[in-house]
There are 2 protein chains.
Amino acid sequence: MFTITQTPPSPIQELPLARWTDGMSRSVLRQMLAVVAQPGILSFAGGLPAPEMFPADDYGRALNQVLGADSGALQYGPPFTPLKRHIVELMARRGVDCNEAQIFITTGAQQALDVVTRLLLDPGGEVILEEIVYTGVQQAVSPYQPRILPIDTNLYTGLNVDAVAAYLAQGHRPAFLYAIPEAHNPLGVSMSLAKRQQLVELAATYGLPLIEDDPYGFLRYEGEMLPPLRALDADWVFYLGSFSKILAPALRLGWLVAPAELVPKLTVIKEMEDLESSQLTQRAVAAYLDAGHLPGHLARLCTEYGRRRDAMLAALTRHFPAEARWTHPSNGMFIWVELPEHMDTAALLETAVSHEKVAFIPGHAFALPGYGRRNCLRLNFSNCTPERIEDGIERLGKVIDSI
Amino acid sequence: MFTITQTPPSPIQELPLARWTDGMSRSVLRQMLAVVAQPGILSFAGGLPAPEMFPADDYGRALNQVLGADSGALQYGPPFTPLKRHIVELMARRGVDCNEAQIFITTGAQQALDVVTRLLLDPGGEVILEEIVYTGVQQAVSPYQPRILPIDTNLYTGLNVDAVAAYLAQGHRPAFLYAIPEAHNPLGVSMSLAKRQQLVELAATYGLPLIEDDPYGFLRYEGEMLPPLRALDADWVFYLGSFSKILAPALRLGWLVAPAELVPKLTVIKEMEDLESSQLTQRAVAAYLDAGHLPGHLARLCTEYGRRRDAMLAALTRHFPAEARWTHPSNGMFIWVELPEHMDTAALLETAVSHEKVAFIPGHAFALPGYGRRNCLRLNFSNCTPERIEDGIERLGKVIDSI
C-alpha cells in the first residue's frame, strides 16, 4: 500500500533526461500524504495548519482593498517595499536586527531554500544535513548529487555541533549546513542556546554558511524565546521565513534574510525560477499587516496550538505504551515518538489506517538514505481539535497494543 | 546610465558561491526595465499587459467566492483538478488535443521553463537557441553553463529550421530546442506552417525535445490561427502556457503540457522549487473560468490590442525613417524595428529617455553573447493607448531624426 510507485515505461523512452533524474524518486513523505488524504481518515500525518484558524475574512478584505485601490496589484512589479518593511518588523519580534536591503521575498520558504542552494552548492559538492530532517532540503540538494555529511540530533538539545566541528577540523568545507533550530521538523526539538552559539562561532571561524529554516519560530507555547542563529550572526546565516504557518500556506509567500551584497545574485536566480512573486499576494499581505491583524492572530494561534499540543502530550501519556518516548516541543507543530525497538511504524501505519482510520508519518520517511530506525513516527498536533486528538491517539494506542 | 551594475565587494568575500554564479549578471533586460520605470516616462519597454484591461472585478468576485466557500482554499493541497479541466478546454481552443494527466500546473510559465530545463539539461549539455530570443530562457539554462548552438531567425517565417537540421545531421543531440512559434518575443514573427511541420518531423526523427513557449497564442489580431507545435506532435513537445497575458501577471499561474509519464518527475522538481502553486489562485482562476468570463475577456483584449498594434504600425510608417524596417505581428505584444545600420539603439535610448521621456528596449538586450546588432529595438504596443502610442512614436521618430 505504501510502496513507492514506479514511473511506468514511457512511450518516449528515447527522450534523454538529465542524468540526476535517474535516481529520482518522489518524496516518500509527499507520497504518504497523498495516500492518507482519504475522506474519513483522522490524520496526524501532514504539516497542515488548522484551516478553521485561517484569517479568511481579514485576508479577503485585504485582497478586495488592494484590488480596488490600484491596477498595479495585478501587474508585474518589483518586490513590494512596504511588505519588506513589515518583514523587518516581524524579524525584530524574533530578535533579529536587519534592514530592508537584506530582505528577499520568495514564493514560499521552499523557494528560498532552493534559491540559496543554487547560489551555494556546486554539482558534487558537500553539505551537512541531520540524519533525520525535513525532506524538502533533501529534495533541494538532490539535483547536485552532493556528498552529504550526516550528523545526528539529540532530542533534547538539537543537532550535534561537535560532529560539525569534527568535519570542519578534518578539512571539510561544505557548501552549507541546514538547520531548523526552532521546533525541528520532524523531531520537535529546539536547539539549546549553548549549541546555537557554538554553531555560529564555528560558521564564522571556518566560513561555513548556515541555512536557518524558521517556519515555526512565531508559534511558541511555553518557555522563553531563544535567539535564532541570524540574531547571533549576520554574515554566515541565511534565514528562511514563511507566512505559510502564521497566515496560510496558499499565500505561497516567504522570505530570506541574507547579506545585502548577495541580493543581486539571488534576484537573478529567482527570476530564472519564477520571474517574481505575486504582486497581488505581496500587497494583500502588506495590507493585512497594515491593518494590525497579525499580533492578535498569532496570540490566538499560539493559544489554540498550545491546547492541541497539551492534548496530544496528555493523550500519549494515557494511551501509548510505557516504553515509548516522545519529544516535548515548546513550539511548532510536531511530536516525535520512539516506540519500542521491535516495532515497525510502516507496518503500524497500514494497520492504523485500515483498522482505525488514523494516520501519521513513519519516521524513516525523514531519514537520509541508510539512516533512521523503523520504530519512530511523527505526529502533527496543529490540524486536529483536542477532542479528535484524544480520540485518535487512543485509537493509535490500541493499534500499537494489538501488535 | 545603462551600464550593468557590478556587485559591490562583499564583507563576506570568503563565502564560496557555486562556480556558475561567477559569470552571472543580471539580465540586461530586467535592469533596463528598472531604469525606465520612472514616473513620467512613456514606455514601450516592458512586456506589460494593459492594466486597465485586467478583470479585477470579476477576479475579485472569484476570490471572494472561493474564500467564502471552503477553508481548503488557503490550505496546502494537490493540483486543482477543475483547473486542469479548464486548461484542457483552453488547449482545445489552440487546436491542441490533450488530457488532464498531461497538464502540469506551474507558478507562471517561467517556472514551467525552469522545471523542464532541470528535467532535460545536464551541466555542460547542449541546447539550441535563437541568436535573438526571450532572455528568460537564457537565464534558465545559465546554471548549466551549456554549449549553446545558435540559429538565426527570419523575420517573416521564424527560426531557421535548416540550421537545426544541419546541427542534427552533424551529430549534435541537444537537450532541447526552445521556440516561440507564435508572436516571438522580441521579434514579433510567427513561424510558417511549413517550418512548424519540418521542425516537429526533425524532432521525432532525431529525438530532439522541443520547448514551445506560447504566452501570446490567444492574442491574435488578424489571419488564421496556425497549429502550435504541440498540435503537430505530442511526444517531443513540451508546451508552456500562461495566464499572465490573458488574465494577469500577478496570478503567477501557468501550465505545461507534457507527456503524462514525465509528470511524476516534474512533480518532484516542482516540489523542490516551491512545493506547490497557490490553492487560492488555482481555485479562484477556476471559479473565474467557471463563470464563463474568459471568451468575452479575450475578445475585448484582442480588439483593444489589435487597435494598439495598428496604431503603432501606422505611427511607425508616419514617423520613422524610410530606411527602417519592422515586423508586422499578427498577434502578441511586440514589434521589432531595424534602424539604418549606422545607428546604435543603446545611445538612442539614452537620448530618448532624457530628451523625450520615451523608452524602448535596445535589441541587443535579447541577443546571445556575441550576437545581435546595435541598430535594432523592441517596441511593446499592449501597454499604451493608441493616442499615447502615436505621441510616443512621433517623439521617438524625432530623436532618431536628430542623430
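This is a predicted model: local features need pLDDT of at least 70, side-chain atom pairs count only at pLDDT 80 or more; totals for chains, interfaces and linings use all residues.
Student: What span should helix H7 of chain B have?
Tutor: H7(B) holds 14 residues, 193–206. The end C-alpha atoms agree with the result, so the span is 20 Å.

Student: Which residue follows H7(B), and what is its phi?
Tutor: The helix runs over residues 193–206. Next comes Gly207(B), with a positive phi near 70°.

Student: Which strands stand at the edges of the open sheet in chain A?
Tutor: The sheet has 4 strands in the order E11-E12-E15-E14, with antiparallel pairing. An edge strand has a single partner strand, so one side is left without a neighbour in the sheet. The edge strands are E11 (325–326) and E14 (361–362).

Student: In E12(A), which residue is the bridge partner of Trp326(A)?
Tutor: E11(A) and E12 (residues 334–338) of chain A run antiparallel, joined by 2 bridges. The partner of Trp326(A) is Val337(A).

Student: Which element gives the largest share of the side of domain 1 of chain A that touches domain 2 of chain A?
Tutor: Domain 1 covers 19–54 + 296–402, and domain 2 covers 79–275. Their contact takes 29 residues from domain 1 and 32 residues from domain 2. Helix H11 (294–319) and E12 each supply at least two residues of the domain 1 side. The largest share, 6 residues, comes from H11(A).

Student: Which helix supplies the largest share of the side of chain A that touches chain B?
Tutor: Here 68 residues of chain A are in contact with 67 residues of chain B. Helices H2, H4, H5, H9 and H10 of chain A each supply at least two residues of the chain A side. The largest share is 8 residues, and it comes from H9(A).

Student: How many residues of that chain A side are nonpolar, polar and charged?
Tutor: The side in question is the one that touches chain B. By class, it has 33 nonpolar, 20 polar and 15 charged residues.

Conventions: Residues are numbered from 1 along each chain as its sequence is written. Chains are lettered from A and ligands numbered from 1 in the order in which they are written. Two strands pair if DSSP finds at least two bridges between them. Domain bounds come from an automatic or database domain assignment. Two residues are in contact if their C-beta atoms, placed from the backbone, lie within 7 Å. Ala, Val, Leu, Ile, Met, Phe, Trp, Tyr, Cys and Pro count as nonpolar, Asp, Glu, Lys and Arg as charged, and the others, Gly among them, as polar. The expected span of a helix is 1.5 Å times one less than its number of residues.
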